[in-house]
Amino acid sequence: MSDPAPIAVLVEDEVQIRRFLRTALETEGWHVFDAGTIKEGLIEAGTRKPDLAILDLGLPDGDGVDFIRDFRSWSSQPIIVLSARTGEDDKIDALDAGADDYLTKPFGVGELLARVRATLRRRSGAANANSSVFKFGNVEVDLTTRRVTKGGEAVHLTPIEYRLLTIMIANAGRVLTHRLMLREVWGPAYVEHGHYLRVHMVHLRQKLEDDPAQPRHLLTETAVGYRMVAE
């Protein structure tokens, strides 16, 4: 027996875009339920318990960030934002509220589906993160013993470097904003001290990436934050 189709809830007030997205997702094997407002979207999400939520930020009954906060209060499933808003602050607000990714309109269907497929890969990454050993490239992180190896050789990380790494592992595939990472590692008083984070991320890459100047796993999301990519 084949696995049941994954479920997506799509919250978008423009009917034409909604139809286009539904068709694209269904072609990829998703079972799609759509809504045109935050209220309708939350009802669909609460009823369907989706594997993925996709939404616009500019909705008739409010800001999509409110949907993200509500959804995130009871679900850890991925959220992809589709929005015409291009400002960095808008992206950061959505990501800080709990979104996993942000795609700016207009976008191509290929790019959207690539992001959606990445959410499926994140499931396996999350399962990996919940096990005692997390692997990326030739790096292994034993979360029980706190031992990190690269190519079989032990790697010494400072407590702050290890904390940053474990936060990224726990959120593999998700964009983590500078503010979120600073708050988690240094505390609320340090959310504006981005240079702390930059310095330690440089050190992490030097220790764990094959080519620190062109990282494959500890990626920068320009002006927003960082993302762990395991594959």
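**One residue and its setting**

A: Apart from neighbours within four places in sequence, Leu182 is in contact with Gly187, Tyr190, Val191, His193, Gly194, Tyr196 and Leu197, where contact means heavy atoms within 4.5 Å. The model is predicted: local features need pLDDT of at least 70 and side-chain atom pairs count only at pLDDT 80 or more, whereas totals for chains, interfaces and linings use all residues. Residues are numbered from 1 along each chain as its sequence is written, and side-chain values use heavy atoms, with hydrogens and water left out.

Leu182 belongs to helix α7; helices (H or I, at least four residues) and strands (E, at least two) are DSSP runs numbered from the N terminus. Leu182 counts as buried because its relative accessibility is 1%; buried means under 20% relative accessible area, exposed over 50% and partly exposed in between, with a 1.4 Å probe and protein chains only. Between the C-alpha atoms of Leu182 and Glu88, 94 residues apart along the chain, the separation is 17 Å.

Not counting residues up to four places away in sequence, Val148 touches Val139, Val141, Leu165 and Leu208, among others.

In the open sheet of four strands the order is β8-β9-β10-β11 and the pairing is antiparallel; two strands pair if DSSP finds at least two bridges between them. Its edge strands, β8 and β11 (153-154), each pair on one side only. Four bridges join β8 and β9, and Phe136 stands opposite Val139 in β9. Packing on this sheet, α6 touches β8, β9 and β10 (147-150), and its direction makes about 95° with that of β9; axes are lines fitted to C-alpha atoms, for helices over the stretch in contact, and angles run from 0 to 180 degrees between N-to-C directions.

The other sheet is open, antiparallel and formed by three strands in the order β12-β14-β13. Here the edge strands are β12 (175-177) and β13 (218-221), and the twist averages 35° from one strand to the next. Three bridges link β12 with β14, where Thr177 stands opposite Gly225. On this sheet α6 touches β12, β13 and β14, its direction making about 65° with that of β14.

Overall, the protein has eight helices and 14 strands. Buried residues make up 46% of its 231 residues. Of the contacts with a separation of 6 or more, 55% involve residues 24 or more positions apart. The C-alpha atoms fill a box of roughly 55 × 50 × 30 Å, taken along the principal axes.
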